[in-house]
Amino acid sequence: MLVTGGAGFIGANFVHYTTQRHPEFEITVLDALTYAGDEASLAPVRDLVRFVHGDICDADLVEREVAGTDVVVHFAAESHVDNSLHDPAPFVRTNLMGTFTLLEAVRRHGKRFHHISTDEVFGDLPIDSDEQFHEETPYDPSSPYSATKAGSDMLVRAWARSYGVAATISNCANNYGPYQHVEKFIPRQITNVLVGAMPKLYGEGRNVREWTHVDDHNAAVHLILAKGRIGETYLIGSGDERGNLEITRLLLELMGRGADDFEHVADRPGHDLRYSNDTTKIRGELGWVPQYADFRAGLAATIAWYRENEWWWKPRKEATERRYRELGR
């Protein structure tokens with residue numbers, strides 16, 4: 001198994017999950033180790049995997065690695081909305097050209113391909129509604145990040161239809177858990193509290209997300225690899241929707257701080273209001289059920305991980321906050 005982006009947040013957790021639950025796979029991780037990827041995230045399983053430092057846009061390297069594998073699980077992506085608004089060029093290169101490069105190699109060698117995507121490709125939903133995204137929802141991306149992920153999804157669909165590539169796609173809701181970069185919403189707030197700073201809340205904090213533990217996401221990916229129908233897309237989500245203000249206050253409660261001990265910062269442009277995935281298909285067809293149905297317990301476990309693993313996140317914290325200060329957030 002070739003795992004692209006396997007030193008990033010979800011990819012590294014996927015490698016951990018696979019070595020523990022599916023040891024039949026021999027894993028090669030291909031990662032460019034940009035700021036969001038860190039080989040240290042693989043430290044507990046480093047002796048169990050082969051690591052290749054490289055770029056998914058490097059066609060010769062990708063050709064060699066794909067030729068020697070059976071299945072490619074494609075996590076590698078530029079994925080931070082704020083960064084895409086500041087400089088969209090890396091998102092176009094990695095998310096579009098990188099996916100194209102992988103698909104061409106997979107096509108030539110006849111390999112199985114699974115593409116990890118996001119529910120952000122669908123745009124957003126009204127706050128006060130029961131509407132949900134489903135596999136046939138038209139794409140309506142609102143940031144350079146989600147637009148390039150939407151484009152990469154379309155490439156996978158086209159290569160499956162035009163060339164018969166054995167591909168599947170999953171679009172997941174927001175993930176949380178260990179090894180998530182401190183620029184992201186939940187780890188940023190946790191680590192702010194741990195260093196004695198105040199959590200930061202965009203705007204009024206009304207934006208609603210569906211939070212899925214990274215282990216549940218990766219369990220779903222393995223089900224798709226084992227039983228998913230080729231050419232199909234599957235939505236993944238816990239069903240637990242919470243506003244950013246509610247998340248912030250729950251986090252503060254779990255960390256022993258006051259409910260209003262946070263700071264409002266300017267909202268970002270084009271901030272989607274709400275995401276919600278209809279997961280009937282993956283639950284019905286593949287029998288997927290999230291194990292972290294209790295978000296409070298999952299968040300408490302995540303806080304505990306960051307408390308216990310300062311060695312991992314502390315070196316990233318200062319640079320991340322400096323970048324946010326430059327952006328006024």
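Q: How far does helix α10 reach from its first C-alpha to its last?
A: In this predicted model, helix α10 runs over residues 295-308 and has 14 residues. At 1.5 Å a residue a span of 20 Å is expected, and the distance from the first C-alpha of α10 to its last is close to that, at 20 Å.

Q: Within what arc do the buried residues of α10 fall, seen down its axis?
A: The buried residues of α10 are F295, G298, L299, T302, I303, W305 and Y306. Seen down the helix axis, they line one face of α10, because they fall within an arc of 160 degrees.

Q: Which backbone nitrogen does a side-chain oxygen of D294 reach at the start of α10?
A: D294 is placed at the start of α10, where one of its side-chain oxygens comes to within 3.1 Å of a backbone nitrogen. The residue that holds this nitrogen is R296.

Q: Is N95 buried or exposed?
A: N95 is found in helix α4, which covers residues 89-109, and its side chain reaches the backbone nitrogen of E78 at 2.9 Å. Buried means under 20% relative accessible area, and because N95 has a relative accessibility of 1%, it counts as buried.

Q: What is the phi of Y179, a residue in the loop between β7 and α6?
A: Most residues other than glycine have a negative phi. Y179, which counts as buried at 8% relative accessibility, is a residue other than glycine with a positive phi, and the value is near 65 degrees.

Terms used:
Residues numbered from 1 in each chain as written. Predicted model: local features only at pLDDT ≥ 70, side-chain atom pairs only at ≥ 80, totals over all residues. Heavy atoms only, no water. Helix = DSSP H or I, 4+ residues; strand = E, 2+ residues; numbered from the N terminus. Buried < 20%, exposed > 50% of the residue type's maximum accessible area, 1.4 Å probe, protein only. Polar contact = N/O pair within 3.5 Å; in protein donor to acceptor, adjacent residues only side chain to side chain. Expected span 1.5 Å × (residues − 1). Arc of directions from axis to C-beta.
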